[in-house]
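Please work through the following exercises with the sequence and the structure at hand. Each task is followed by a solution in steps.

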Amino acid sequence: MSESVHPPFGNFATAAAALEVCADLAAPVADALKNWGAPGAAASVLYVDSDPEQADTAVFCAAYDVPPELSANCVVVAAKRAGEVTLAACLALATTRVDVNKAVRTHLGARKASFAPMDTAVELTGMEYGGITPVGLPGDWPLLIDEAVAAAPYVLVGSGRRRGKLILPGWALAKLPGAQVLPGLAG
């Protein structure tokens, strides 16, 4: 890994441009980075190595000196209407909670919305539980991003695996396929 790369926050032993370490990422994440059409977006993504046993947000932030308000969680939601299920991903700062019952349900026009079962999320994303990231999600899924995430200079998200995380600017997240920036998605 490149020793000249310094993340904008945190205390990590190793960091590199994510495009240089695609082999360390889940396959859908690596593919998304290599094929990201937004100018400069993929080049702005950093990969930081971390212990997979410390992947959960609170533990990770404490272990690597990452402010929780600079960490974002990606959750998979199942929205139902008239027997049809729509899967979507939601991205919100770790210091907030996604408003699944109102904001997500209303935005997706669903009668009911809830967090998708872990097995479903893992199988359909091709990512590990605890590492699901907005980079590399299935192309037909909406990606709902809280406006605070999109406005952040940098945020930390999963890498698709429990080992390692990605750090990237909020503007880049807003340029992901299917991304929709929503005020009030989380509170």
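**Exercise 1.** In which segment is the place of Pro-8? Determine also whether Pro-8 is buried, partly exposed or exposed.

*Solution.* The model is predicted: local features need pLDDT of at least 70, side-chain atom pairs count only at pLDDT 80 or more, and totals for chains, interfaces and linings use all residues. Residues are numbered from 1 along each chain as its sequence is written, and side-chain values use heavy atoms, with hydrogens and water left out.

Step 1. Pro-8 lies in the segment before β1 (15-17). Helices (H or I, at least four residues) and strands (E, at least two) are DSSP runs, numbered from the N terminus.

Step 2. Pro-8 counts as partly exposed because its relative accessibility is 40%. Buried means under 20% relative accessible area, exposed over 50%, and partly exposed in between (1.4 Å probe, protein chains only).

Step 3. Beyond its neighbours within four places in sequence, Pro-8 is in contact with Leu-46, Tyr-154 and Ile-167; contact means heavy atoms within 4.5 Å.

**Exercise 2.** Where is the place of Ser-44, and what does Ser-44 touch?

*Solution.* Step 1. Ser-44 is found in the loop between α1 and β2 (46-48).

Step 2. Ser-44 counts as buried because its relative accessibility is 17%.

Step 3. Not counting residues up to four places away in sequence, Ser-44 touches Ile-167, Leu-168, Pro-169, Trp-171 and Ala-172. Its side chain also reaches the backbone oxygen of Ala-41 at 2.6 Å.

**Exercise 3.** Describe the order and pairing of the open sheet formed by 5 strands.

*Solution.* Step 1. The strands follow the order β5-β3-β4-β6-β9, and the pairing is mixed. The edge strands, each pairing on one side only, are β5 (112-115) and β9 (179-182). Two strands pair if DSSP finds at least two bridges between them.

Step 2. β6 (residues 143-146) pairs with β9 in the parallel sense over 4 bridges. The bridge partner of Leu-143 in β9 is Ala-179.

**Exercise 4.** Which residues touch the most other members of the largest nonpolar core?

*Solution.* Step 1. A nonpolar core is a set of buried Ala, Val, Leu, Ile, Met, Phe, Trp, Tyr and Cys residues joined through side-chain atoms within 4.5 Å.

Step 2. The largest nonpolar core has 42 residues, of which Leu-33, Trp-36 and Leu-166 touch the most other members. Among the elements that each supply at least two residues of this core are α1 (27-34) and β8 (165-168).

Step 3. Apart from this core lies another, of 14 residues, including Ala-79 and Leu-182.

Conventions
Polar contact = N/O pair within 3.5 Å; in protein donor to acceptor, adjacent residues only side chain to side chain.
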